[in-house]
Amino acid sequence: MSNIYDVIVIGGGHAGAEAAAAAARLGCRTLLVTVGLDAIGRMSCNPAIGGLGKGQIVREIDALGGLMAGITDATGIQFRMLNRGKGPAVWAPRAQADREHYSEALRRCLESTPNLDLVDGIVGAIDAGPSGHHSPSFESTAAKDGGSSRLCVRGVRLEDGRNFRASAIVLTTGTFLRGLMHCGTDQTPGGRIGEQAAEQLSGSLEQLGLRLGRLKTGTPPRVHRDSVDFDRAEAQPGDMPPVPFSFMTDRIDQPQVNCWVTYTNQVTHDVIRANLDRAPLFSGQIQGRGPRYCPSIEDKIVRFADRDRHQVFLEPEGRGSERIYCNGLATSLPKDVQEDMLHSVPGLERARILQYGYAIEYDWVPTDQINATLEAKAVAGLFLAGQINGTSGYEEAAGQGLLAGINAVAKVRGADPLILGRDEAYIGVMIDDLVTRPPVEPYRMFTSRAEYRLQLRSDNADER
């Protein structure tokens with residue numbers, strides 16, 4: 001293996017996978033560097049793809065040749081078309097995926113992609129120097145941002161000392177930049193439970209002139225399937241027949257499984273209120289801003305004090321998995337409080353927790369520092385995609401990764417970049433929002449963000 005590439009992608013999450021596949025399939029020699037090759041495409045939060053606004057993005061990724069839709073069709077265990085009671089402009093496909101099979105299928109796809117090498121490692125620094133040649137299509141952008149004063153990427157150095165060279169780098173670090181996990185007063189460095197954080201790379205980005213901030217997200221407990229009384233919850237079956245995500249999938253043949261819905265109650269809320277002084281979110285332990293549209297359960301209890309119950313979706317993490325994801329109970333409360341909270345919910349009275357919920361804080365790059373191509377203004381050839389740009393969600397990350405990978409190739413070749421307009425795609429709406437209205441909290445896509453949503457339907461992404 002040579003250490004010289006056209007494009008290097010840092011991070012093997014949903015953004016990194018799409019970026020690496022796009023660059024390699026466009027003919028560039030591409031390297032994907034990620035922490036643990038077995039964690040490629042791992043679903044850190046709920047094992048689901050799509051939803052309102054998000055399903056439209058997945059269809060657009062598919063229409064542009066991306067991977068997410070096809071992998072979802074191959075590994076999905078429940079498919080639903082949301083918002084059928086409204087107009088087709090806001091219909092949105094959503095699928096429950098098999099968490100392990102999704103990651104395995106995505107890794108196999110990348111391993112079999114020509115022009116793409118995969119390396120297990122942690123990037124410690126990005127090497128950049130004075131600007132050299134700028135391709136004509138990027139000259140105007142470079143001139144606006146300082147022209148010849150810009151640095152230009154040269155490659156990366158891994159924490160173990162290995163070096164790789166490239167003309168373009170796509171940075172998709174997810175929650176791994178100085179990641180810090182919170183569960184009660186326990187604080188553990190890490191990018192995801194059981195996985196090492198990237199501690200050195202943030203300092204390298206700051207040395208390159210990038211300004212960093214801190215954001216927060218969270219995840220709920222997972223419980224053992226055999227300890228749940230599903231008779232006390234409402235069954236939620238999938239659609240029959242199931243509608244595929246990908247325009248290239250003829251039909252979904254695998255059998256579907258049920259999800260279930262239950263609700264919190266006054267006892268649940270009393271348990272949480274009695275322990276708010278132990279909640280990192282309210283004690284001052286957590287400094288980063290969390291997602292407004294996917295709040296933790298303790299945040300819901302405080303913000304919506306008049307509500308006497310909140311939905312809890314019980315979602316299998318796989319067809320044969322013993323783990324049930326308690327969607328709606330994201331929390332960083334202490335473990336003993338999580339036990340009492342769960343056991344007050346109908347159906348979960350005897351639930352056995354396999355993984356406690358936790359919050360995670362991580363570094364991001366405020367997006368007034370990137371262009372519509374997703375290239376950093378201060379560093380030519382450095383592209384950013386996913387949670388490092390302040391977004392939340394697999395779909396938002398994958399859409400950015402795909403565009404960043406395409407534009408990294410355009411940068412290497414001196415070709416025109418691909419910039420989608422707000423009237424052309426939800427991906428275009430998202431990137432324009434990020435660049436022109438940098439978020440102060442994790443960004444989430446909704447149909448209401450798209451003023452052209454009547455024409456940006458999920459069923460016409462291939463035509464668009």
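This is a predicted model: local features need pLDDT of at least 70, side-chain atom pairs count only at pLDDT 80 or more; totals for chains, interfaces and linings use all residues.
How many bridges join strand β11 to strand β20, and in which direction do the two strands run? Residues are numbered from 1 along each chain as its sequence is written, and side-chain values use heavy atoms, with hydrogens and water left out.

**View A. Pairing of strands β11 and β20.** Strands β11 (residues 180-183) and β20 (residues 358-364) run antiparallel and are joined by three bridges. M181 has I360 of β20 as its bridge partner. Strands (E, at least two residues) and helices (H or I, at least four) are DSSP runs, numbered from the N terminus; two strands pair if DSSP finds at least two bridges between them.

**View B. An open sheet of four strands.** The strand order is β12-β11-β20-β13, with antiparallel pairing. Because β12 (186-189) and β13 (213-219) each have a single partner strand, one side of each edge strand is left without a neighbour in the sheet. On average, neighbouring strands are turned by 25° against each other, direction ignored.

**View C. Helix α11 and the residue after it.** Helix α11 (residues 394-413) has 20 residues and reaches 29 Å from its first C-alpha to its last, close to the 28 Å expected at 1.5 Å a residue, where the span is 1.5 Å times one less than the number of residues. Just after α11, G414 takes a positive phi of about 70°.

Definitions and conventions:
Axes are lines fitted to C-alpha atoms, for helices over the stretch in contact, and angles run from 0 to 180 degrees between N-to-C directions.
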